[in-house]
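Q: Could you walk me through this model and tell me what each label rests on? I'd like the cut-offs along with the values.

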Amino acid sequence: MTVGASSRKAWTREDILGLGMTTDLETAAEIIGIGRSKAYQLAKQSEFPVRVRRIGRRYVVPVLPLLTYLEET
């Protein structure tokens, strides 16, 4: 079995809502369809597609704005 785009999870609205109020940056990146490195680069430059909060060394992404972004794109 090869690993690639075909092995990625297809996120549904219910899956995303099931994450709770927030998720980590890596999960948000997967949902949006960008790579981990690009996600961290965008977050550091305050250019991630939705608001990201930095808590200590962690980036946290609110789920509802993430859903709104997905519905608008």
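Q: Which residues of the largest nonpolar core touch the most other members?
A: L25, F48, V61 and L66 do, out of 16 residues in that core. A nonpolar core here is a set of buried Ala, Val, Leu, Ile, Met, Phe, Trp, Tyr and Cys residues joined through side-chain atoms within 4.5 Å. Helix 2 (25–32), helix 3 (36–44), strand 3 (58–62) and helix 4 (63–72) each supply at least two residues of it. Helix 2 gives the most, with five residues.

Q: What kind of model is this, and how are its residues numbered?
A: It's a predicted model, where local features need pLDDT of at least 70 and side-chain atom pairs count only at pLDDT 80 or more, while totals for chains, interfaces and linings use all residues. Residues are numbered from 1 along each chain as its sequence is written, and side-chain values use heavy atoms, with hydrogens and water left out.

Q: What makes a stretch a helix or a strand, and how many are there in the chain?
A: Both are DSSP runs numbered from the N terminus: helices are H or I with at least four residues, strands are E with at least two. The chain has four helices and three strands, and from the N terminus on they run α-β-α-α-β-β-α.

Q: Why is T27 called buried?
A: Buried means under 20% relative accessible area, exposed means over 50%, and partly exposed is in between (1.4 Å probe, protein chains only). T27 has a relative accessible area of 16%, so it counts as buried. T27 is found in helix 2.

Q: Why is A10 called exposed?
A: Its relative accessible area is 64%, so A10 lands in the exposed class. A10 sits in the segment before helix 1. Its C-alpha atom is separated by 8.0 Å from that of I31, 21 residues apart along the chain.

Q: How do you know that helix 2 is mostly covered?
A: Six of its eight residues are buried: L25, T27, A28, A29, I31 and I32. Those buried residues pack against helix 1 (13–17), strand 1 (22–24), helix 3, strand 3 and helix 4.

Q: And what makes strand 3 mostly covered?
A: Four of its five residues are buried. Across the chain, 27% of the 73 residues count as buried.

Q: What counts as a contact, and which residues does V61 touch?
A: Contact means heavy atoms within 4.5 Å. Leaving aside neighbours within four places in sequence, V61 is in contact with M21, T22, T23, D24, L25, A28, F48, V50, R51 and V52. With the neighbours left out in the same way, T27 is in contact with W11 and L19.

Q: Why are strand 1 and strand 2 (53–55) said to stand at the edges?
A: The open sheet of three strands has the order 1-3-2, with antiparallel pairing. Strand 1 and strand 2 each have a single partner strand, so one side of each is left without a neighbour in the sheet.

Q: How do helix 2 and helix 4 lie against the strands?
A: Axes are lines fitted to C-alpha atoms (for helices, over the stretch in contact), and angles run from 0 to 180 degrees between N-to-C directions. Helix 2 lies across strand 1 and strand 3, running at about 95 degrees to strand 1. Helix 4 packs on the sheet, touching strand 1 and strand 3, and its direction makes about 60 degrees with that of strand 3.

Notes: Two strands pair if DSSP finds at least two bridges between them.
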